[in-house]
Amino acid sequence: MGDKRSSVLRPIFCFVSLFVMLHLVYGDLSYSIPEEMKRESVIGNIAKDLSIDLRTLSSRKARVNFEGTRKRYCDINVNTGDLIVLERIDRESLCSKKPSCVVKVDLVLENPLELHRVTLHIQDVNDNSPTFNVNLIEMEIRESADKGNRFSIEEAHDADIGQNAVQRYNLQQNDNFILAVDSNKVELVLENTLDREKQKEMSLLLTALDGGSPQRSGTVVIHVTVLDANDNAPVFSQAVYKASLPENSPPDTTVINVSATDADEGVNGDVTYYFSHISDDDVNVFSIDAKTGEIKVTGVIDFEDSSSFEMRVKAKDGLGLTSYAKVIIDVTDINDNAPVIYLNSLSNAIPENVSPGTEVGIINVQDRDSENNGQVRCSIQQNAPFKLVPSIKNYYSLVTTGQLDRELVSDYNITISATDEGSPPLSSSKTVHLSVADINDNPPVFEEQYYSAYVTENNKPGSTLCSVTARDPDWRQNGTVIYSLLPGEVNGAPVSSYLSVNGDTGVIHAVRSFDYEQLRSFKVHVMVRDNGSPPLSSNVSVSVFISDVNDNSPQILYPAPEGNSLMTELVPKAAHGGSLLSKVIAVDADSGQNAWLSYHIVKSTDPGLFTIGLHSGEIRTQRDISESDGMKQNLIVAVKDNGQPPLSATCSMYLLISDNLAEVPELKDISYDEKNSKLTSYLIIALVSVSTFFLTFIIIIVGVRFCRRRKPRLLFDGAVAIPSAYLPPNYADVDGTGTLRSTYNYDTYLTTGSRTSDFKFVTSYNDNTLPADQTLRKSPSDFVDPFDDLEPSVEVGTVQNTYYKDVLYELR
């Protein structure tokens with residue numbers, strides 16, 4: 001048949017365009033094509049006919065699905081938009097003798113989902129020749145047969161339909177028979193009587209011709225044997241037998257009984273039944289009892305494979321006369337096929353930001369049964385934000401009904417159920433797995449609203465202060481976070497010179513060593529962002545608090561040593577117990593208890609003569625001054641803070657018990673080092689005194705004259721003025737802690753050094769005081785005359801107001 005088919009198709013393919021018909025029906029396509037088209041042949045251009053942009057076919061994943069068959073007869077070329085043939089299309093195997101043969105194709109497009117129904121009308125071509133069931137027909141006819149007797153001949157079969165089927169028969173020219181053909185049968189008609197003595201047997205060639213172009217034919221040889229008797233052929237009770245058979249009928253089920261009678265007697269009247277023509281597919285489905293004519297089921301009856309059967313039954317008597325009848329068996333459908341659910345198009349991952357009503361898939365439900373047995377209802381579970389919307393026949397769109405959130409539900413397992421209308425109804429279900437694709441819709445969120453870090457000063461650079469942690473519920477790169485410091489300044493310096501943050505872990509490190517005395521706290525801002533597109537970010541503040549450690553020793557402001565010159569205080573002989581003589585002033589750059597200062601006398605010439613306030617640093621007499629007390633008193637004072645471990649500083653103070661300087665035979669340095677030779681000290685003092693006597697005398701005379709002219713007043717009590725500018729910048733004014741208030745000052749001080757006595761007129765906070773750099777130098781013996789003019793109402797060495805009573809001197 002393959003050779004015959006190719007010979008027929010050669011002229012047909014030249015006129016394919018004449019057979020192809022295109023028309024739009026309700027937005028769908030219908031093509032009429034001949035069968036047996038070559039593979040890769042073009043049926044039509046779907047993109048052009050449906051006005052679809054050719055460039056979008058590939059991106060929209062254009063494809064075709066077939067209904068009711070597993071074969072893919074055609075496909076779409078996404079580059080050209082052509083619908084092309086993939087498999088051999090044989091109309092006879094698809095539709096048998098049906099006058100109309102239709103193949104339904106669904107064109108599916110995605111993004112957005114779109115469905116078009118394409119109908120292929122398969123037109124018959126003359127690719128099959130008429131065939132007889134046998135190549136030789138044996139007939140036995142009595143010579144006594146009357147003129148005009150008819151003898152049935154099996155019809156030829158042509159798988160084609162219409163004009164391509166058998167149209168006429170030709171019988172070879174002979175002297176005895178002619179051919180009679182009507183719509184139901186072919187018969188030999190005896191035109192002239194037979195004479196066995198002249199011719200015992202003869203062979204006739206019968207040719208069947210179809211109406212196709214080119215015309216095809218089939219032949220059979222009829223061998224006639226002339227006998228002496230047998231005048232009657234079997235006669236069927238019906239020319240056409242019809243029966244109805246439910247599908248899935250079991251083997252040995254009786255379908256129908258055919259019956260033929262023969263008027264002859266004996267062997268000539270015995271009738272035998274045969275299938276004269278039956279297709280290769282049906283030969284194993286039915287059997288016929290040769291004696292009784294009972295037709296039974298021997299194979300599988302499936303309505304979906306074949307809804308009807310047509311066959312020819314031959315009845316033959318004992319001497320070879322035959323007759324024929326047609327048997328038509330209609331198969332009735334029963335609900336034996338459950339619906340089948342196909343996922344024609346399904347999104348791999350659904351973006352979580354799709355709006356409600358978005359199509360995410362196309363579901364096709366098919367039931368091979370017919371009528372009500374093939375009517376299907378489709379449903380979906382109710383606990384998912386999806387629903388099925390009916391589309392074209394047996395097609396449903398799976399659409400969203402609400403907003404999706406991958407952070408709440410990342411996957412859905414949706415069960416789709418399909419139930420037909422049969423009795424009893426059959427159903428099936430299929431689970432669809434849908435994944436929700438992540439969208440960067442969540443910014444990173446810190447676990448805390450703000451963070452605090454505590455670090456002690458003098459920390460090591462690179463030490464860890466704290467860590468910040470942010471969470472992003474998004475997935476993969478959308479949920480990967482990176483930490484960084486926001487630009488800013490701390491004390492005029494970039495924040496990056498103080499801190500650094502690990503971009504992956506959020507651990508914050510110190511870049512430098514902190515000093516509490518310079519910086520006690522500061523605030524920075526840390527930003528976290530994800531790797532989404534576009535990236536999302538959030539900020540958090542981090543407060544860094546620096547705690548103090550005891551790393552600063554007390555700083556003694558007064559008395560302050562200047563080189564090897566030591567401070568000396570003058571104590572009146574008439575000083576009573578508890579009199580304020582001087583004060584040690586100290587500060588500590590630390591804070592809190594690290595700056596709480598305490599004062600102690602660690603060494604003194606006369607331990608019982610002087611005492612110092614534990615927290616004030618005020619030096620007072622413990623008892624009245626007596627004549628037995630030495631003129632020169634040496635004190636070593638220690639100032640200690642309250643830190644752990646405590647730090648301390650010491651200073652030396654020298655006290656001269658005398659009412660005036662005239663009583664002091666000489667002023668000389670008093671050293672702690674008692675091992676120095678006294679003789680060396682005396683020689684040094686003598687040389688210094690002689691060398692400075694004359695210079696001091698001249699300076700005093702000039703000063704006295706200058707002072708008489710301006711009459712200034714000089715405050716003197718042996719203390720010293722401490723300018724506020726001398727104090728440390730972070731010095732705290734705290735009463736009772738050993739520190740000096742900015743308003744608590746001394747006006748002048750007396751020092752001894754290099755065997756001279758200096759009167760320094762120190763700058764006060766008032767504008768009428770003398771500058772600090774004006775100094776009057778005199779020898780110790782020259783102090784007698786000026787002090788004789790002191791006003792008798794002033795008591796030297798007493799304290800004015802709360803702490804001191806300033807002694808007022810007028811230099812006349």
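View 1. At 9% relative accessibility, Cys 95 counts as buried (under 20% relative accessible area; exposed is over 50%, partly exposed in between; 1.4 Å probe, protein chains only). Cys 101 is buried too, at 2%. The two form a disulfide, with sulfur atoms 1.9 Å apart. A disulfide here is a pair of cysteine sulfur atoms within 2.5 Å. By this rule the count comes to one. The S-S torsion of Cys 95 and Cys 101 is about 65°, so the disulfide is right-handed. Cys 74 is also buried, at 0% relative accessibility.

This is a predicted model: local features need pLDDT of at least 70, side-chain atom pairs count only at pLDDT 80 or more, and totals for chains, interfaces and linings use all residues. Residues are numbered from 1 along each chain as its sequence is written, and side-chain values use heavy atoms, with hydrogens and water left out.

**View 2. The whole protein, for orientation.** Seven helices and 57 strands make up the secondary structure. Both are DSSP runs numbered from the N terminus: helices are H or I with at least four residues, strands E with at least two. Of the 812 residues, 45% are buried. Among contacts with a separation of 6 or more, 67% link residues 24 or more positions apart; contact means heavy atoms within 4.5 Å. The accessible surface comes to about 41,800 Å², and carbon and sulfur atoms hold 50% of it (Shrake-Rupley method, 1.4 Å probe; for residues, only the protein chains shown count as cover).

**View 3. The largest nonpolar core has 30 residues.** Phe 446, Leu 499, Phe 514, Phe 522 and Val 542 touch the most other members. Strands β34 (450-456), β35 (464-467), β37 (481-485), β40 (499-501), β41 (507-510), β42 (521-530) and β43 (537-547) each supply at least two residues of this core. Apart from it lies another core, of 28 residues, including Ile 43, Ala 47, Cys 95 and Ile 122. A nonpolar core is a set of buried Ala, Val, Leu, Ile, Met, Phe, Trp, Tyr and Cys residues joined through side-chain atoms within 4.5 Å. Leaving out residues up to four places away in sequence, Phe 514 touches Val 455, Glu 457, Asn 458, Asn 459, Leu 465, Tyr 498, Leu 499, Phe 522 and Ile 546.

**View 4. Four strands form an open, mixed sheet.** The order is β45-β52-β51-β48. β45 (568-571) and β48 (598-604) stand at the edges with a single partner strand each, so one side of each lacks a neighbour in the sheet. Neighbouring strands are turned by 35° against each other on average, direction ignored. Axes are lines fitted to C-alpha atoms, for helices over the stretch in contact, and angles run from 0 to 180 degrees between N-to-C directions. β48 and β51 (residues 632-640) run antiparallel, joined by six bridges. Strands pair if DSSP finds at least two bridges between them. Tyr 599 has Val 639 of β51 as its bridge partner. Cys 651 lies in β52 (residues 648-657). Cys 651 is buried, at 8% relative accessibility. Its C-alpha atom is 6.6 Å from that of Ala 638, 13 residues apart along the chain.

**View 5. β22 pairs with β18 and with β21.** β18 (residues 254-257) and β22 (residues 294-297) are antiparallel over three bridges. Ile 256 is partnered by Ile 295 in β22. β21 (residues 286-288) also pairs with β22 over three bridges, in the antiparallel sense. Here Ser 287 stands opposite Lys 296. The hairpin of β21 and β22 has five residues between the strands, and Gly 293 takes a positive phi near 80°.
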